[in-house]
Amino acid sequence: MDLVAHRAIAGYTLMEVTLVVGIMAVLAAIAWPLTTDLLDRATLATTAETIRGEIRKAQRQAHASGQALELRVDPRAGSYIVGPTGGPGLLSRLPAGLTFGSPDDGDSDGVTFRHNTARFSPRPGLQNSFGSITVRSRAGARRVTVSITGHVSITAWNGRAWQ
């Protein structure tokens with residue numbers, strides 16, 4: 001008799017399993033929006049760093065090769081090309097959920113370079129292209145700026161201003 005009673009106590013009841021699964025479902029429902037927001041912010045920051053890296057690489061290659069390079073942005077397609085002036089280049093697309101555009105100006109395509117093209121001269125000194133590229137998501141925005149001296153920086157939109 002003790003053997004039968006011991007076996008009955010060793011398992012979990014359907015009620016206990018249902019309660020644990022219900023608690024896990026509630027916790028997952030609470031964590032899901034927080035997780036997706038975190039992933040959106042990480043994707044946005046990584047994309048801005050990638051664009052910054054592509055610009056710096058194009059600047060270095062222009063100086064090393066003696067050939068002008070450019071970064072051409074197509075805001076509607078969500079893509080950009082880095083390559084020789086007027087020639088073919090490497091096409092890159094924004095990750096899903098990201099677009100070019102400014103959060104503080106709904107009419108802006110997010111690119112302030114003339115003709116949406118940043119040109120990098122092989123000559124040292126002042127650049128003939130300066131401006132910015134803004135990438136946004138639901139979680140915020142990042143702006144990659146190239147100064148007239150060629151310095152590349154990233155700023156973040158805090159909801160009211162660029163920091």
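What share of the chain's contacts with a separation of 6 or more comes from residues 24 or more positions apart? In this predicted model, such residues account for 48% of those contacts.

Let's start with the overall picture. The chain has two helices and eight strands, and along the sequence they follow the pattern α-α-β-β-β-β-β-β-β-β. Its radius of gyration is 25 Å, well over the 15 Å that the globule rule gives for 163 residues, so the chain is more spread out than a compact globule. The C-alpha trace spans about 95 × 35 × 25 Å along its principal axes. Buried residues make up 31% of the 163 residues.

Now for helix H2. Running from residue 14 to residue 65, H2 has 52 residues and reaches 71 Å from first C-alpha to last, close to the expected 76 Å. There is a kink of about 35° at Ala31, shortly before the proline Pro33. Further along, H2 has several buried residues, among them Leu44, Ala48, Ile51, Ile55 and Ala62. In general, an α-helix has 3.6 residues a turn, so residues three or four places apart point the same way. Just after H2 comes Gly66, with a positive phi of about 75°.

Next, the strands around S1:

| Strand pair | Sense | Bridges |
|---|---|---|
| S1 (residues 69-74) and S2 (residues 79-84) | antiparallel | six bridges |
| S1 and S5 (residues 117-120) | antiparallel | four bridges |

On the S2 side, Val73 has Tyr80 as its bridge partner. On the S5 side, Arg72 stands opposite Thr117. S1 and S2 form a hairpin with four residues between them, and Gly78 in the turn has a positive phi of about 65°.

Definitions and conventions
Residues are numbered from 1 along each chain as its sequence is written. This is a predicted model: local features need pLDDT of at least 70, side-chain atom pairs count only at pLDDT 80 or more; totals for chains, interfaces and linings use all residues. Side-chain values use heavy atoms; hydrogens and water are left out. The expected span of a helix is 1.5 Å times one less than its number of residues. The bend at a residue is the angle between axes fitted to the seven residues ending there and the seven starting there. Buried means under 20% relative accessible area, exposed over 50%, partly exposed in between (1.4 Å probe, protein chains only). Two strands pair if DSSP finds at least two bridges between them. The radius of gyration is taken over C-alpha atoms; the globule rule is 2.2 Å times the number of residues to the power 0.38. Contact means heavy atoms within 4.5 Å.
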